[in-house]
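Here is a short note for someone opening this structure for the first time. Please read the points with the model in view.

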Amino acid sequence: MEFLDQPISNYAEAHTTSESQLLTSLNRDTHSNVLAPRMLSGHLQGRVLSLFSKMKQPKAILEVGTYTGYAALCLAEGLAPGGVLHTIDIDEELETRIKHYFDQSPYASQMHLHIGNALDIIPNLDTEFDLIFLDADKDNYSAYYDLLIDKLPQGAIIIADNVLWSGKVVNEHQLANDKDTKALDLFNKKVYADERVENILMPIRDGLMVIRKK
Ligand SMILES: C[S@@+](CC[C@H](N)C(=O)[O-])C[C@H]1O[C@@H](n2cnc3c(N)ncnc32)[C@H](O)[C@@H]1O
């Protein structure tokens, strides 16, 4: 869901640096051939992720929830020379398509795809991540945060997607009855109350929680 009026949203996209040809192809292919294409970050959010990554120049990026690889390709644009990106998805049916697009990226040799449950894979990654994008199952955001936060260096950035959940986080009925809405609200409150970090909830697209470890 977009929180801006459609004309404003269109205007913002029209005045934002274009995505690469590779990202346009992946975007189109995903919309034509893959279930649930609204999961893909898309042009505006993709440029936001790319810019954050270029500002941070991370040595090691972790993405939780690859889908078809759009956001991973955007995040990789900011990698420091010799840096690595690890991305995890539980859906093995996505693997061939993800690899097809990763192989065409200038960052292909720095990108590592893991297929499996992120809750099992994260504890086995022996890497000090300095940029993390959380975008998998919403009811595990708090678990991913807990698994990672103590291992991150000072200044590390976590970006969590969909934290407004189409506005359901301010709807009392959804908060009481929908498990993902409840989980995201608890995650937002947990981050806000955590003295180890500073954070901004940015109302971009479906809500990006941007967190910096102090
Ligand atoms: C919103 S999509 C990711 C979109 C992608 N980050 C992008 O912006 O283009 C969420 C993905 O998380 C994956 N996922 C869900 N639960 C997972 C888990 N426990 N471990 C790993 N991946 C999971 C799904 O298979 C799905 O592809």
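Predicted model: local features only at pLDDT ≥ 70, side-chain atom pairs only at ≥ 80, totals over all residues.

1. Strand 4 (residues 131-134) pairs with two other strands. With strand 1 (residues 60-64) the pairing is parallel and runs over 4 bridges. Strand 4 and strand 5 are also parallel, and are joined by 4 bridges. Leu-134 takes part in both pairings: Leu-134 is the bridge partner of Val-64, and Ala-160 in strand 5 is the bridge partner of Leu-134.

2. Which way do the residues of strand 4 point? Leu-131 and Phe-133 face one way, Ile-132 and Leu-134 face the other way, and all of them are buried. Leaving aside residues up to four places away in sequence, Ile-132 touches Leu-62, Leu-148 and Ile-158.

3. The largest nonpolar core consists of 52 residues. Ile-132 and Leu-134 are among those with the most contacts inside this core, together with Ile-61, Leu-75, Phe-129 and Tyr-144. Helix 4 (residues 70-76) contributes the most to the core, giving 7 residues.

4. Helix 5 (residues 95-102) has Ile-98, Tyr-101 and Phe-102 as its buried residues. These lie on the same side of helix 5, because they cover an arc of only 100 degrees around the axis. The buried residues of helix 5 pack against helix 2, helix 4 and strand 3 (111-115).

5. What surrounds the ligand? The shell holds 17 residues, and the closest are Ser-41, Gly-65, Tyr-67, Ala-71 and Ala-118. Helix 4, strand 2 (84-89) and helix 6 (118-121) are the elements that each give two or more residues to this shell. Sorted by class, the shell has 10 nonpolar, 3 polar and 4 charged residues.

6. Ala-36 deserves a look at its backbone. Although Ala-36 is not a glycine, its phi is positive, at about 55 degrees. Ala-36 sits in the loop between helix 2 (21-33) and helix 3 (42-56). Is Ala-36 buried or exposed? Ala-36 has 8 other C-beta atoms within 10 Å, so it counts as exposed.

7. Ser-166 is another non-glycine residue with a positive phi of about 55 degrees. Ser-166 belongs to the loop between strand 5 (157-161) and helix 8 (172-177). Ser-166 is partly exposed, because it has 14 C-beta neighbours inside 10 Å.

How values were computed:
Residues numbered from 1 in each chain as written. Core = buried A, V, L, I, M, F, W, Y, C linked by C-beta atoms within 7 Å. Buried ≥ 20, exposed ≤ 12 C-beta atoms within 10 Å, placed from the backbone. Contact = placed C-beta atoms within 7 Å. Near = placed C-beta within 6 Å. Nonpolar A, V, L, I, M, F, W, Y, C, P; charged D, E, K, R; others polar. Arc of directions from axis to C-beta. Pairing = 2+ DSSP bridges.
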